[in-house]
Amino acid sequence: MEGPALSRSGTNRAQARVLSLRAMQISPPLSMAAFAAATAAPLVLLTAGVFSGLPLLLAGLLWITALTALLDQWLAALAPDLPEGTEFPGTDALLVVLGAAHLLALPLAVWAIAGPSGLTGWERGLAFLGFGLWFGQVTNPAAHELIHRGDRWLFRLGAALYTSLLFGHHASAHRLVHHRHAASRDDPNTARSGEGFYRFALRAWGGSFRAGLAAERARRPGGLTPYAGYLAGAAVALACGYAIAGPWGVLVWAGLGAHAQSQLLLSDYVQHYGLTRARQPDGRLEPVGPRHSWNAPHWASSRLMLNAPRHSDHHAHPARPYPGLRLPPPDAAPHLPVPLPLACTLALVPPLWRRTMAPHLAPWRLPTKA
């Protein structure tokens with residue numbers, strides 16, 4: 001009798017765990033505290049690790065990678081969309097805090113990795129990976145939100161964050177080129193079906209720089225464009241790296257910038273991969289719609305990346321605050337088969353990426369003309 005009783009007890013515990021997980025999945029918290037905890041905690045751990053060493057540096061890295069991936073699996077369902085017009089107090093305040101934290105953390109990271117911080121080689125490597133991932137997966141979404149704000153000071157903060165990562169032109173190219181031409185051949189940051197990430201990245205970086213500059217010049221004929229500030233700011237950033245740790249400081253600052261830039265390009269690559277807008281009879285592109293962006297419904301990575309995986313709604317409403325972004329149903333917009341960070345990792349291996357995405361992309365391809 002003891003065996004069946006223990007079996008029933010184990011079954012009951014398993015059922016209770018499933019019900020508990022389902023309850024969390026049905027209504028996970030969507031408060032600003034969730035965004036603040038997801039974005040700030042890894043930076044706190046990494047910063048503390050600069051002064052205490054391996055355990056906290058490793059904890060910060062694992063927060064961004066393993067813990068987020070596990071929570072994405074355990075909390076598989078998304079929080080429900082909130083009613084239209086819901087207010088989100090503290091939305092911009094969190095962006096400002098994250099922006100200020102970035103501007104302090106970047107020189108600290110350079111000092112920790114290239115300067116006389118006392119860290120071992122392994123610890124410096126962990127710091128590079130951890131801070132680089134935070135700049136790529138938190139700073140990038142925060143800067144992206146800021147450049148879409150109407151307040152000029154918030155916009156300038158977002159542009160400063162991109163500039164500190166030696167990617168200032170993105171503040172112009174994203175708004176003036178990508179949002180206008182997304183999911184078309186006119187957008188350098190839209191990946192074509194079958195195009196590998198590395199080929200895309202080379203095309204997108206240079207193409208967006210040139211297209212953004214042309215768009216700014218069209219807005220200011222004969223005048224000074226923001227590109228002067230982007231380039232001057234990048235020079236100042238590298239000079240700060242030199243002041244912190246000499247030539248190695250410059251190299252590490254540039255390396256962290258490249259690390260963060262690669263993650264932004266990976267996100268762009270994944271979120272529009274293979275999707276195209278049709279040309280209307282007058283030659284103009286059809287309006288951008290839900291079917292022109294890939295989305296991901298995973299809770300933890302969405303909190304970490306300030307709801308960046310809800311990409312269709314962002315293109316439909318660029319000024320909508322990130323907590324209010326809505327998720328289109330799978331029959332209205334393409335959904336990634338895995339969380340966005342994992343999809344970006346798969347994209348680093350082009351053959352694996354193409355095999356993974358082919359069946360998911362097929363239903364959303366435009367019909368070929370006869």
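The following legends describe close-up views of a predicted model.

**View 1. The largest pocket and the residues at its centre.** The largest pocket of the predicted model has a volume of about 610 Å³. Its lining is made up of 37 residues, of which Gln137, Gln263, Ser267, Met305 and Cys344 are the closest to the pocket centre.

**View 2. Helices around the largest pocket.** Two or more lining residues are given by each of helix H3 (54-74), helix H5 (121-147), helix H7 (170-181), helix H9 (227-271), helix H11 (311-316) and helix H12 (340-347). The largest share comes from H9, which supplies eight residues to the lining of the largest pocket.

**View 3. Residue classes in the lining of the largest pocket.** By class, the lining of the largest pocket comprises 16 nonpolar, 18 polar and three charged residues.

**View 4. The second largest cavity.** The structure holds two cavities of 30 Å³ or more. In the second largest cavity, the space amounts to about 30 Å³. The residues that line the second largest cavity are His170, Ala173, His174, Val177, His178, Asp187, Pro188, Asn189 and Ser208. Helix H7 provides the largest share of this lining, with five residues. In the lining of the second largest cavity, three residues are nonpolar, five are polar and one is charged.

View 5. Tyr198 is classed as partly exposed because its relative accessible area, 44%, falls between the limits of 20% for buried and 50% for exposed residues.

View 6. Asn295 is located in the loop between H9 and helix H10 (299-304). The relative accessible area of Asn295 is 0%, and the residue is therefore buried, the cut-off for this class being under 20%. Asn295 and His311 are separated by 16 residues in sequence, while their C-alpha atoms are 5.6 Å apart in space.

Notes: Residues are numbered from 1 along each chain as its sequence is written. This is a predicted model: local features need pLDDT of at least 70, side-chain atom pairs count only at pLDDT 80 or more; totals for chains, interfaces and linings use all residues. Side-chain values use heavy atoms; hydrogens and water are left out. On a 1 Å grid over the protein atoms alone, a cavity is a set of points where a 1.4 Å probe fits but cannot get out, and a pocket is an open set with protein on both sides within 12 Å along at least five of seven lines; lining residues have an atom within 4 Å of a point. Grid points are joined across faces, edges and corners, and a volume is the space filled by probe spheres set on the points. Helices (H or I, at least four residues) and strands (E, at least two) are DSSP runs, numbered from the N terminus. Ala, Val, Leu, Ile, Met, Phe, Trp, Tyr, Cys and Pro count as nonpolar, Asp, Glu, Lys and Arg as charged, and the others, Gly among them, as polar. Buried means under 20% relative accessible area, exposed over 50%, partly exposed in between (1.4 Å probe, protein chains only).
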